[in-house]
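Open the model in your viewer and keep the selection tool at hand. The stops below say what to select and what is there.

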Amino acid sequence: MSTSIGRRVVITGCGVVSSIGVGVREFTSALRAGRSNVRPISVFDTTGFAHDNGCEVADFEPARWIRTLDPGDLGRASRFSTAAARLAVEDSGLPLETLRAARTLVSVGSTDGEAHELDGLVAQELSAGLAGLDPRQVRRTSAGRLATSIARELELTDVETGTIATACSAGNYAIGNSLDAIRCGDAEFALCGGADALCRKTFTSFYRLRSIAPDCCRPFDRNRMGILTGEGAGILLLESLDSALARGARIYAEVLGYGMSCDAHHPVAPHQAGIARCMELALADAGVKPGEIDLISAHGTGTKANDMTESAAIRDLFGPKPPRTVSMKSMLGHSMGAASALAAIGCSIALTEQFIPPTINHRDTDPDCPVDCVPNESVDADLDIVQNNGWAFGGNNAVVLLGRYERQPRKETAR
Amino acid sequence: MTAPARRRPVISAWTAISPFGYGREAFANGVRSRREPVTEPGGPGEAAVVPSFDVREMFGRKKTRAMNRVSGLTVAAAQQLLADMALAPDGDREHIGFVLGTTTGSAQSMMDFTRASITAEQPDHVEPAAVPGTVMNCAAGQAAIWHGLKGPNATIAAGRTTGLQALNYARRLLMTERAEQVLCGAAEEHSDARSWLEHHRRGGAATLGEGCAMFLLEPADSADPRNVLATLTGIDSRICLDGDLAGTLQATVSSLLTRSGVATERVWAAVGSGFPAGSERPEDTTLRQLFGDEVTDRVPPVDLIGDTSAATALFGLASVLSVADGADHGEQDHIVVTACDDDGSVACALLQLGGER
């Protein structure tokens, strides 16, 4: 193994565009207060659906953060990713000149890319035919632009860019990819996370699979009815510990490791063995034992199948008394490719501020999901290591482990 | 980042499903003969399609209801490559990674689904079996299921530079030992939706191609030296901010060569991504300036099989390996593959033919 592998990597900036707040401060107070912002979906026509609640980013003003590019050239998801990246850099205190002078990775996870734009093109097709599509909107549809738009907006040229399209765990994939890139010296900084925009295609998909809750999302509850579709972006700034210390940066958390597995089992159903193996791989990568985990930020979609399967896999690994296991999707809805990135930011904030964000809308824990989900109200807690889960269609699983920053490495890892 | 030689990724097998047909030989023969494949009308332009490819004919009716064309092409290519790898039939496949490049999955499946919802009597009167095909990772997920691949499974979207970004992602999986072997490919399907999107994107008609090119990557120290076709020396990428794509590409290629200690004269073949279509081809011009006509013309243009969008760069790599097979390249032991996109992204891969000497 190359000597530079093992470079410690920390999170020094967080950019949030979410249904419960834009920016770290708003997001933190919403997580602490257990707020959600559920409302009937307005970004596409929901006529004919019996219920249409969702978690939109309301009153989003892209021009506040997107200054170099014309927001009209960006799809809705790219606007979210680009604004969140700008917020992350500002939050980190890292001068843009420093970022521009260093080799950087921009890695953005997404479920749908710019499917919201494709939805709009379908509407155009129905009225004007395929020959009548708007070329400007067509140019917005390439999924790679979720990442390249960030580089162009921040004027980064010495940069590797890519969108990781591994559906609802893609945010964790991007964080893991960035961890590896910095660990092994491919990049000095990484802007990574995930972004997705609400779209008719995905809402209809989950609706048809009878997985959309009529009112709100109640993870681990006996009467949970499914997800609420959401949107937004979470982008994190990662750098080596040495770099963060040298510039006196505020450190949210250390990225201790991550794991990926593929179920190779079913296109949409979660798979207990596959996700248990993913958690094991993440723990091994970080050199952490199950007993050292203080909190699990669950994938926790609020569907019957996910919450039962996930709880069972957690108990397989952690035994009958697993760590407290919360679902931030109870507040954020399911923001798809942004979900595990926003949850990773939530975990970073939890480690910094030493509290556990709650699982809201909770009434009666399902005996088939026997976890302490910290119902309804956040609690102060002594948190050292937090695990962030992400599962996805295609059986694409990814788990990220974050730790409170300590001067001494926790231990010599096996890597 | 330069990996220690023993961990450096090598390509030890590859395959392609393309308008030239099925498998490495069919593709290599097509490229070597520079024969233009048959095209047919497709969308607003022409299309070079994979001959008589039909998912249900190839895989049967069972378990293929949810399989769209791009997934079928991917599953079939993976099947060919796995057959070359001589794996134990019931062996552990937890350490085989799978990395696939795409523009946006299947635009056709995504748009069909939305259209069905808008035009149906009720907006939820849609086919549930169609849902998985509307997600960008559908093809990689299907390949994992069909072939039992349980290692890291990723889908990468980076416009026309996708293939090289996928290669870089695969390289990182090997360097970090997250996978022992990686099947790395890129796939595009021909469809009405993609034809029209490409037509509007470029503001004119084009001949679209389709298919899947896929490579087996493994660390040098675990590959059978007799199988090693090329060693991945490095990959670099940039974003062009000032509109000077040729300049950015030139800087990217030069910096990669310098960093790798490889003189320009040692490059035997260079292939670009045919960007942009039309009369001005800054990518082609740049490669000619850097390497000369002989090196640039060693391999036919990658759009011989039509524009394959996100799969372009890996079809380019397959083209070079096709022509290099059995050729006497003497001291010119390196190859260069580049790609550019209209979003400003530029990427370049440098490979050494055969194993490291």
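How many bridges join strand 6 of chain A to strand 6 of chain B? This is a predicted model, and in it 2 bridges join these strands, which run antiparallel. Select residues 159–164 of chain A to show strand 6 of that chain. Then pick T163(A), whose bridge partner in strand 6 of chain B is A157(B).

**Stop 1**

**Stop 2: strand 7 of chain A**

Select residues 189–196 of chain A. Are they buried or exposed? In this strand, 8 of the 8 residues are buried, so strand 7 is largely enclosed by the rest of the structure.

In a regular strand, side chains alternate between the two faces of the sheet. Look along strand 7 of chain A: F189(A), L191(A), G193(A) and A195(A) point one way, while A190(A), C192(A), G194(A) and D196(A) point the other way.

Strand 5 (residues 104–109) of chain A runs parallel to strand 7 and is joined to it by 6 bridges. On this side, L105(A) stands opposite A190(A). Strand 8 (residues 232–240) of chain A pairs with strand 7 in the antiparallel sense over 8 bridges. There, E239(A) is the bridge partner of F189(A).

**Stop 3: two helices of chain A**

Two packed helices are described by the angle between their axes and the distance between the axes. Select helix 10 (residues 272–286) and helix 11 (residues 304–318) of chain A, which pack at an angle of about 50 degrees with their axes 9 Å apart. That angle makes helix 10 of chain A oblique to helix 11 of chain A. The crossing is right-handed.

Show the side chains at the contact. Helix 10 of chain A contributes Q272(A), I275(A), A276(A), M279(A) and E280(A). Helix 11 of chain A contributes T309(A), E310(A), A312(A), A313(A), D316(A) and L317(A). By class, the residues of this contact are 6 nonpolar, 2 polar and 3 charged.

Definitions and conventions: Residues numbered from 1 in each chain as written. Chains lettered and ligands numbered in written order. Predicted model: local features only at pLDDT ≥ 70, side-chain atom pairs only at ≥ 80, totals over all residues. Buried ≥ 20, exposed ≤ 12 C-beta atoms within 10 Å, placed from the backbone. Helix = DSSP H or I, 4+ residues; strand = E, 2+ residues; numbered from the N terminus. Pairing = 2+ DSSP bridges. Axes fitted to C-alpha atoms, helices over the stretch in contact; angles between N-to-C directions. Parallel < 35°, antiparallel > 145°, perpendicular 65-115°, else oblique. Left-handed = near helix turned anticlockwise from the far one by under 90°. Contact = placed C-beta atoms within 7 Å. Nonpolar A, V, L, I, M, F, W, Y, C, P; charged D, E, K, R; others polar.
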